[in-house]
Amino acid sequence: MPEDTDLVPITYPKPNPCYTLERYSVEDGVLKIFLKREESDRLCIQVIVREELKLPKEVAEDINKVEVFTENKPWQVFER
């Protein structure tokens, strides 16, 4: 397991606080982040929030595009 000093934070948006990270993958310089809505009765405000994903420095350096998916559908794409 890498130490915290070897990890680089990648900031990505979430459509609201009720979404959690389900999984992520890195393919050909593209970081794909898959979010899943929490199963709860909690009322979620519709405000975009930012979250950090810490990746090893070697992996983070190669990322030039981030794609965020909600419920397996594309939500946002942005260049790094």
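Predicted model: local features only at pLDDT ≥ 70, side-chain atom pairs only at ≥ 80, totals over all residues.
Select Lys 14. This residue sits in strand β1, which covers residues 7-14. Its relative accessibility is 8%, so Lys 14 counts as buried, the cut-off being under 20%.

Now show what surrounds Lys 14. Leaving aside residues up to four places away in sequence, Lys 14 touches Tyr 19, Leu 35, Val 47, Ile 48, Val 49, Glu 51 and Trp 75.

From that list, pick Glu 51. The side chains of Lys 14 and Glu 51 make a polar contact at 3.3 Å. The two residues also form a salt bridge, with their closest N and O atoms 3.3 Å apart. Glu 51 belongs to strand β4 (residues 49-56) and Lys 14 to strand β1, so the pair ties together parts that are 37 residues apart in sequence. Colour by accessibility here: Glu 51 is partly exposed at 32%, whereas Lys 14 is buried at 8%.

How many salt bridges does the count come to? The count is three, and two remain to visit.

Go next to Glu 22 and Arg 23. They form a salt bridge whose closest N and O atoms are 3.9 Å apart. Glu 22 is partly exposed, with 42% relative accessibility, and Arg 23 is partly exposed, with 41%.

Finish at Lys 65 and Glu 67. In this salt bridge the closest N and O atoms are 3.9 Å apart. Lys 65 is partly exposed, having a relative accessible area of 26%, while Glu 67, at 15%, counts as buried.

Key
Residues numbered from 1 in each chain as written. Heavy atoms only, no water. Helix = DSSP H or I, 4+ residues; strand = E, 2+ residues; numbered from the N terminus. Buried < 20%, exposed > 50% of the residue type's maximum accessible area, 1.4 Å probe, protein only. Polar contact = N/O pair within 3.5 Å; in protein donor to acceptor, adjacent residues only side chain to side chain. Contact = heavy atoms within 4.5 Å. Salt bridge = Lys/Arg side-chain N within 4 Å of Asp/Glu carboxyl O.
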